[in-house]
Amino acid sequence: MTDLLEVRNISKYYSYKNGWLTPQRVCALEPISFSVKRGETIAIMGETGSGKSTIAKLISGAEVPSSGEIFLNGELLDPNNHQQRCREIRMIFQDSLRSLNPQLTIGKQLLESLLFNTKWSAAEQQEHVYVTLQKVGLLPDHFDFYPHMLSSGQQQRVCIARAIILEPQIIVADEAFAALDPSIRAQIINLILDLQEDMGISFIFASHSPEIVKHVADKILIMHRGKMIEFDSTQALLTNPKQQLTKMLLQSEQLNKALKHTTTQE
Amino acid sequence: MSNILDIRNLTIELETSAGTVKVLDKLSLQLAEGEIHTLVGESGSGKSLLAKAIMGFINPRWKITADRLWWRHYDLLALNPVQRRMITGRDMAMIFQNPGSYLDPNTKLGNQLRETIPQSELKGIYLRRKANRTVRAERLLHRVGIKDAEKVMNSYPHQLSEGVAQKVSIAMAIAHNPKLLIADEPTTAMEPNTRNQIYRLLAKLSASQGMSILMITQDLTSVIPESQRMSLVYCGQLMETGPTEKIMTEPFHPYTDAMLQMSFFNKELVPKTRLPTLTGAIPTLQHMPIGCRLGPRCPKSRRACIHQPRLSKVKQHQFACHFPLIEVETHD
């Protein structure tokens, strides 16, 4: 079976002018390669400034890589072909309220992506938006709501609806769970797991939280200063981490060590 | 051990378009000297309001009533604003989330820090005092674990990382040796490593100086082992309070249990399975349910839940639920 997504030697440099005629280059991401199978979940972990977000942006096409290629189903993805990219690879952001347009209703925002990427009639598009809203646990009534009228959990659901509305093959999320309340966060994680099962989507996400990563990810990619220092299955990294940093990042919060917790059964 | 902060049935009412809403509903909290108390609540639970009520950052439109709001032997509600400010300024301090955004962006951190050192603690004449102030500021930075004090004092808040900025704000908070430090989500959106550093620092300060800390967090995963007691608040109502270890291991309240499960404390949880969660969303201020506010989301709710349960007490462990997870004989 070929891999769904293959990233080959992709890197990103930013250049800026430093004084007179001396362009400086800052390396955000050194060349890395990895591949993602269909329906697989990959977590990217690392400290701030380690290049987590850069990877997410490069895969989703928000930034053009300085070198290297990305293949989807063995086919080269052109960095400038936005239509193909946004149909197959979608992104979810951390701050749901800020990533939604406050001036458009939820329905209109969801319709927009259909408008540009499908040749359906208006009625079909509307119907599809209703179906998608229901898939993420919202009601068709939410079509006419504005983002500020929803709670943070519902806003994040709208973001997920926007990501899955074109039935993509890959969803990239950058810290999508960090800003949510625990009960809402659990709901969103469940939703993503459900959608993944139903639609066979591959899911790539960056996260700080070792608990979520352990629960959701099949494979973990550890970044350090723009370099990939480890990439292996969750189980392998948990039992046998090769790097000190991996151990540190995957270590659960202090309390887990201090308390031998057993949840009560009813 | 005596309680230095004693709050009984604190209620804060707000005027909204839908009438008066109790944002905090009969909340009780006791804090002993040198103790770390963790207050856990999701957004909209009124945990920041409680902090503000203790500190006296009060909006005149709020209606605050309490059976007791005592700081040591002062009744905070009976004091006039001037006296209250004096006591708050002398004994309490607070740190907030996003240190980068609440430090003054136009002033160097050294100047901001020097400003917080009280005049009364400096001796000598004018120039000597000025020099002493700088020495003390440096010493404060050393105490919070900043090695390169000079560099930090000469930089603006945006030039520092979040962790360092939070350490500086802790230094500012402990400048006058407060008895109580309120930390309002000090580490939200920080990465684990920085977060642990901040927690370790707070625990150390509490242990070495006998400072009480009221730690406000959103998430059970950021409850530190040094915290002796904790309380869970939901929508302004106290759900459960007691020793940290007891609550973590033998919760009485369904809300605590749900929070524990959602915070991945269940070791037997198989990866990729659905997480247990509370249904529905946190109610908005205008649509608070009557009785126990967890009611509509609670897995164990029954008809009796439309009346607010009273606090039941099992040893030091208190909870407000009609149908606790562990059957107990209630004495009242």
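Let's start with helix 7 of chain B, which is mostly covered: twelve of its twelve residues are buried. Buried here means that 20 or more other C-beta atoms lie within 10 Å of the residue's own, with 12 or fewer counting as exposed, anything in between as partly exposed, and C-beta atoms placed from the backbone. Among the buried ones are Glu162(B), Lys167(B) and Met172(B).

Quick note on what we're looking at: this is a predicted model, where local features need pLDDT of at least 70, side-chain atom pairs count only at pLDDT 80 or more, and totals for chains, interfaces and linings use all residues. Residues are numbered from 1 along each chain as its sequence is written, and chains are lettered from A and ligands numbered from 1 in the order in which they are written.

Helices are DSSP runs of H or I with at least four residues, strands are runs of E with at least two, and both are numbered from the N terminus.

Now, its neighbour. The axes of helix 7 and helix 8 (residues 192-209) of chain B come within 9 Å and cross at roughly 15°. Axes are lines fitted to C-alpha atoms, for helices over the stretch in contact, with angles from 0 to 180 degrees between N-to-C directions. Helix 7 and helix 8 of chain B are therefore roughly parallel to each other, a label for angles under 35 degrees.

Who meets whom? On the helix 7 side of chain B we have Glu162(B), Gly163(B), Gln166(B), Lys167(B) and Ile170(B), and they meet Thr194(B), Gln197(B), Ile198(B) and Leu201(B) in helix 8. Contact means C-beta atoms, placed from the backbone, within 7 Å.

Asn9(B) has a phi near 50°, positive in a residue other than glycine. You'll find Asn9(B) in strand 1 (residues 3-16) of chain B, and with 16 C-beta neighbours inside 10 Å it counts as partly exposed. Glu185(B) isn't a glycine either, yet its phi is positive, about 45°. Glu185(B) sits in the loop between strand 8 (180-184) and helix 8 of chain B, and is partly exposed, with 19 C-beta neighbours inside 10 Å.

Last, over to chain A: it has eleven helices and ten strands, and 40% of its 266 residues count as buried.

Notes:
Parallel < 35°, antiparallel > 145°, perpendicular 65-115°, else oblique. Contact = placed C-beta atoms within 7 Å.
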